[in-house]
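User: I have a model open and want to go through it with you. Can we start with the contacts?

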Amino acid sequence: MKITTTQAVCAIAACVTLQWAGAAMAQTSANKTKQTSSRTQTKTKANQMAAASVAAEEALTPEQLAIADFVYTGRIACENGNQVTVQGDPKMPGYFTVSSGKQRFRMVPAVTTTGAVRLEDKKTGGVWLQISNKSMLLNERVGQRIADECAGTAQQAFAAQMKTNPPASVLDAPTK
């Protein structure tokens, strides 16, 4: 059997095409393996970061946990018709979600020298300050008061008591 020049050229072209296609398929397979590996690594890193975040959240001091017992929770009315909702996290004692309107903060107690209850969200700059007769929500990062003159039931009762029995002023002279 004689092979013509045209047949030989076609056979060589077919071999080259098959080799090129095989190389391309091998490259595609290698890329998929790299992508899968890369996705697996990314997923693993994300899981590690989430675990580290949870571990970091769990590290509250006994002082912070003691402060958490004094935080008023629930829906709290504020001036100008605003409302703030403070909810404790049942899975993470000492952690609170404080929200007003569309703003939401994940807060933990901060130790203060004044005795005021202070919750902070270091990431976003949110701060909830609570004293006996009122509270306020701030965003320290942008220097803005989000809600002021907030008072829950216990705070309203304390404010009413202050009106009938005002505390002694620090400017008054001590009596002997």
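User: What share of the contacts with a separation of 6 or more is between residues 24 or more positions apart?
Analyst: 35% of them. Contact here means heavy atoms within 4.5 Å. This is a predicted model, where local features need pLDDT of at least 70 and side-chain atom pairs count only at pLDDT 80 or more, while totals for chains, interfaces and linings use all residues. Residues are numbered from 1 along each chain as its sequence is written, and side-chain values use heavy atoms, with hydrogens and water left out.

User: How many helices and strands are there?
Analyst: The protein has 3 helices and 8 strands. Both are DSSP runs numbered from the N terminus, helices being H or I with at least four residues and strands being E with at least two. The order from the N terminus is α-α-β-β-β-β-β-β-β-β-α.

User: And how much counts as buried?
Analyst: 26% of the 176 residues. Buried means under 20% relative accessible area, exposed means over 50%, and partly exposed is in between, with a 1.4 Å probe and protein chains only.

User: Which residues have the most contacts inside the largest nonpolar core?
Analyst: V84, V86, V98, W128 and L137, in a core of 18 residues. Such a core is a set of buried Ala, Val, Leu, Ile, Met, Phe, Trp, Tyr and Cys residues joined through side-chain atoms within 4.5 Å. At least two core residues each come from α2 (62–68), β2 (83–88), β3 (96–100), β4 (103–110), β5 (117–121) and β8 (144–150). The largest share, 3 residues, is from β8.

User: What does V84 touch?
Analyst: Leaving aside neighbours within four places in sequence, the contacts of V84 include V98, W128 and L137, and also C78 and C150.

User: Those cysteines, then. What joins C78 to C150?
Analyst: A disulfide, with S to S at 2.0 Å. The rule is a pair of cysteine sulfur atoms within 2.5 Å, and the count by this rule is 1. The link of C78 and C150 is right-handed, with 105° about the S-S bond.

User: Are C78 and C150 buried or exposed?
Analyst: Both C78 and C150 are buried.

User: Switching to charges. How many salt bridges are there?
Analyst: The count is 6, taking a salt bridge as a side-chain nitrogen of Lys or Arg within 4 Å of a carboxyl oxygen of Asp or Glu. R118, E120, K122 and E140 are linked in a network of them.

User: What are the N to O distances for R118?
Analyst: The closest N and O atoms of R118 and E120 are 2.6 Å apart, and the R118 to E140 bridge is at 3.0 Å. R118 lies in strand β5 and E140 in the loop between β7 (135–139) and β8, so that pair ties together parts 22 residues apart in sequence.
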